[in-house]
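I opened this model to look up its fold, its cores and its salt bridges. My notes follow in the order in which I went.

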Amino acid sequence: MNNRQSELETLRADLKARLTRYEAHQHREGGALEKDFEEQAIQTQNDEVVDSLEVETRSELVQIEHAIERIQQGVGDECERCGEEIDPRRLQVLPYTTVCVTCADA
């Protein structure tokens, strides 16, 4: 297993743990809504933020899974659009990217 794959698998585990916490929040595992209206409003706002974070996390998780698959197929360092090698500096910053900077900008 290469270094990048190991890093992605660690990131994947972290994201899955986050999703578990978000789901627990959404299912009110910490208790029901407060009786106070202002507290309910705050909790509802928090729910919307958690919903947004959950959507972002799921999207990032899909990208990570895809990048891991490409690494396992031996093409993880190649741009999936143009086939050129992805700059290693780009992979350091965005380890789950599957496109080179030129294709990403297009």
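Entry 1: I started with Thr57, which counts as buried at 4% relative accessibility. The cut-off for buried is under 20% relative accessible area, so Thr57 at 4% falls under it. I note here that this is a predicted model. Thr57 lies in helix 2. I then looked up what Thr57 touches, leaving aside neighbours within four places in sequence, and found Leu15, Leu19 and Tyr22.

**Entry 2: the fold.** I listed the elements next. The chain has four helices and zero strands, and from the N terminus on the order reads α-α-α-α. Of its 106 residues, 27% count as buried. The chain exposes about 7300 Å², and carbon and sulfur atoms supply 49% of that area. I also looked up contacts between residues at least 6 apart in sequence; 55% of them join residues at least 24 apart.

**Entry 3: the cores.** Which residues make up the largest nonpolar core? I found ten: Leu8, Leu15, Leu19, Tyr22, Val50, Leu61, Ile64, Ala67, Ile68 and Ile71. Helix 1 (3-26) and helix 2 are the elements that give two or more residues to this core. Helix 2 supplies the largest share, six residues. Leu15, Leu19 and Tyr22, which I had noted as contacts of Thr57, are among the residues of this core.

I looked up Val50 separately. Not counting residues up to four places away in sequence, Val50 touches Tyr22, His25 and Gln26. There is also a second, separate core of six residues, including Cys79, Leu91, Cys100 and Cys103.

**Entry 4: salt bridges.** How many salt bridges does a search of the whole structure find? The search gives eight.

- The side chains of Asp77 and Arg4 meet at 3.0 Å, N to O. Asp77 lies in the loop between helix 2 and helix 3 and Arg4 in helix 1, so this pair ties together parts that are 73 residues apart in sequence. Asp77 counts as partly exposed at 39% relative accessibility, whereas Arg4 counts as buried at 10%.
- The side chains of Glu9 and Arg12 meet at 3.8 Å, N to O. Both are in helix 1, three residues apart, which means that about one helical turn separates them. Glu9 is partly exposed, with a relative accessible area of 22%.
- The side chains of Arg70 and Glu80 meet at 3.9 Å, N to O. Arg70 lies in helix 2 and Glu80 in the loop between helix 2 and helix 3, so the pair ties together parts that are ten residues apart in sequence. Arg70 is buried, with a relative accessible area of 10%, and Glu80 counts as partly exposed at 39%.

Glu9, Arg12 and Glu65 are linked in a network of salt bridges.

**Entry 5: the loop.** I ended with Val75, which sits in the loop between helix 2 (37-72) and helix 3 (88-93). Is Val75 buried or partly exposed? With a relative accessible area of 22%, Val75 is partly exposed. I also looked up how far Val75 is from Glu85, ten residues apart along the chain; their C-alpha atoms are separated by 9.3 Å.

Notes. Residues numbered from 1 in each chain as written. Predicted model: local features only at pLDDT ≥ 70, side-chain atom pairs only at ≥ 80, totals over all residues. Heavy atoms only, no water. Buried < 20%, exposed > 50% of the residue type's maximum accessible area, 1.4 Å probe, protein only. Contact = heavy atoms within 4.5 Å. Areas by Shrake-Rupley, 256 points an atom, 1.4 Å probe, with all protein chains shown as cover. Core = buried A, V, L, I, M, F, W, Y, C linked by side-chain atoms within 4.5 Å. Salt bridge = Lys/Arg side-chain N within 4 Å of Asp/Glu carboxyl O.
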